[in-house]
Amino acid sequence: MTETFHEFVVHRSPALSRTAYLLTGDHQLAEDLVQTALARTYRHWRRIRDGDPEAYVRRVMYHQQVSWWRRRRLTERLEAEPTERAGADHSDTTALRLTLTAALRHLTPRQRAVIVLRYYEDRTEAQVAETLGCSIGTVKRHAHDAIRRLRAVAPDLVDSAAERSIR
């Protein structure tokens, strides 16, 4: 049992960490979120290993993030400055990533979870509803409200998304 769980963690942690970062907007909180989700998953590994364990971990992550947000609001945030690397100019990509991260911080945890699942992980509304344990109508409402808020706080994101869809 331990070997299969270890293999799962080694192979899927990078993808889970990216999603956790998008949900939390903070590297340290993302690491905590992944670690907490994996610890909870390990307890049920025998039951879920033959199914879709990644879906189980992601669901735990989404619910845990909402739970943390409800319990405490962070009064202080330590923001890491992006480090500069020698090489190619990635300023446009970096600017877009920073804009997206800042815009996601303006969303509620539920809205953020819907946006990440729906548009980053490219899931259907039904899959998002199943993962979050809510109705499809709730998913649509959260997505609508989140997109409206994103357009208000970061209108250049909408322009960037339109440009990429044309290419």
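This is a predicted model: local features need pLDDT of at least 70, side-chain atom pairs count only at pLDDT 80 or more; totals for chains, interfaces and linings use all residues.
Residues are numbered from 1 along each chain as its sequence is written, and side-chain values use heavy atoms, with hydrogens and water left out.

The protein contains 9 helices and 0 strands, where helices (H or I, at least four residues) and strands (E, at least two) are DSSP runs numbered from the N terminus. Of its 167 residues, 34% are buried (under 20% relative accessible area, with exposed meaning over 50% and partly exposed in between; 1.4 Å probe, protein chains only). Among contacts (heavy atoms within 4.5 Å) between residues at least 6 apart in sequence, 69% join residues at least 24 apart.

The largest nonpolar core comprises 36 residues; such a core is a set of buried Ala, Val, Leu, Ile, Met, Phe, Trp, Tyr and Cys residues joined through side-chain atoms within 4.5 Å. Leu 23, Leu 38, Val 57, Met 61 and Leu 132 have the most contacts inside this core. At least two core residues are supplied by each of α1 (2–24), α2, α3 (45–48), α4 (53–71), α5 (91–104), α6 (109–120), α7 (125–132) and α8. The largest share, 7 residues, comes from α1.

Helix α2 (residues 27–43) has 17 residues and reaches 25 Å from its first C-alpha to its last, close to the 24 Å expected (1.5 Å times one less than the number of residues). Its buried residues are Leu 29, Ala 30, Leu 33, Val 34, Ala 37, Leu 38 and Thr 41. Viewed down the axis of α2, these buried residues fall within an arc of 165°, so they line one face of the helix; the arc is that of the directions from the helix axis to the C-beta atoms. The face turned away from the buried side carries the exposed residues Gln 28, Glu 31, Gln 35 and Arg 43. At the N-terminal end, Asp 26 caps α2, with a side-chain oxygen 3.1 Å from the backbone nitrogen of Gln 28.

Buried positions in α8 are Val 139, Ala 143, Asp 145, Ala 146 and Leu 150. His 142 also belongs to α8. Neighbours within four places in sequence aside, His 142 contacts Arg 110, Gln 111 and Val 114. The C-alpha atoms of His 142 and Leu 107, 35 residues apart along the chain, are separated by 9.7 Å.

Terms used:
A polar contact is a pair of N or O atoms within 3.5 Å; within protein, one must be able to donate a hydrogen and the other to accept it, and residues adjacent in sequence count only if both atoms are side-chain atoms.
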